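This report looks at charged side-chain pairs. Three of them are taken one by one.

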Amino acid sequence: MGFDWRGESYKTLGGAFRDARVDLGAVDYAQYVRLSTCNREEVFFFATETDCARTRAALTYLFRIASGLESMILGEYQILGQVKDAYRAACAQGHVGKELDRIFRDAITCAKRVKTELDIGAVPPSVCRAGMDVVDASAGIAGRRVFVIGSGRTGSLAAEIAAERGARSIAVCNRSPERARRLADALGAEIVPYESRYGRIASSDIVVSATSSPHTVIEAARLELAGPVVFLDLASPRDVEPSVAELPGVTVVGIDTIGELAAGDGAECARLVAQGMKIVEEAVGKTEEWLNGL
């Protein structure tokens, strides 16, 4: 018995993925999960003829994908949602037995551990700095009222840069008040309750959002702005709803605006991947041990 996969990547055209499906042919396995992401479509299956080496390679590949270690933007959170959706769909269709059930649940657990322990979904420091440079060039940070939503590695760095560049005031906001308090104490910043974020946005000149939320954090319909505002969205998936950019006096700077720098600092990415792979290898070993015991 063993676990394996097969699949194809979408062709690229002009730097963007072509809107087309990849034909993987008929699937003849009793247990399989079809996974579609932004740049690939693959089938993961449980079969009788797969050897141990292929099983370990397939497990490692799936766990890497779920953890965001195969994504164009390291640690992209959206990919875990796609893995969950594919697993749930296969369960609903009756294509998941005890083996694939355990494999996919282990992959999801591993991905959550990678994200929690390494804060790997945060953009690299070079991207954060590049984004703040863009904001500084377009609106100027000195003398401005800056509001930072998210007190993780990226949000903290953005707040520190704002302080270094002479922001008139800095306010921070996080779902966890304790984390926001540590950052506020370090910078002499004001703490804003998460549920009060829209009121603070209305009185800010620059808003930086860098949360790990899988959902939109700033919605256009809830904004009441008194003047021009620059939004810097450093989250993946986006914190700022796309339609916010259509509001009068609003400028939105996102990871895509920053361009190729979204690939991040090579050394930092390599370090995080290496740490993530240690977690993946440990998790794969436990799953493989369980499979071998069947």
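Asp106 and Arg102 sit four residues apart in helix 3 (residues 98-118), so about one helical turn separates them. Helices (H or I, at least four residues) and strands (E, at least two) are DSSP runs, numbered from the N terminus. The two side chains form a salt bridge, with the closest N and O atoms 2.8 Å apart. A salt bridge here means a side-chain nitrogen of Lys or Arg within 4 Å of a carboxyl oxygen of Asp or Glu.

The model is predicted: local features need pLDDT of at least 70, side-chain atom pairs count only at pLDDT 80 or more, and totals for chains, interfaces and linings use all residues. Residues are numbered from 1 along each chain as its sequence is written, and side-chain values use heavy atoms, leaving out hydrogens and water.

The structure holds 15 salt bridges. Among them are these:

| Pair | Closest N to O distance |
|---|---|
| Asp106 and Arg102 | 2.8 Å |
| Asp205 and Arg145 | 3.0 Å |

Asp205 pairs with Arg145. Asp205 lies in the loop between helix 7 (197-202) and strand 9 (206-209), and Arg145 in strand 6 (residues 145-149), so the bridge ties together parts 60 residues apart in sequence.

Lys286 and Glu282 both lie in helix 9 (residues 266-292), four residues apart, about one turn. Salt bridges that share partners join Arg113, Glu117, Glu282 and Lys286 into one network.

How accessible are the partners? Asp106 is buried at 17% relative accessible area, while Arg102 is partly exposed at 22%. Buried means under 20%, exposed over 50%, partly exposed in between (1.4 Å probe, protein chains only). Asp205 is buried at 14%; Arg145 is partly exposed at 29%. Lys286 is exposed at 52%, and Glu282 partly exposed at 37%.
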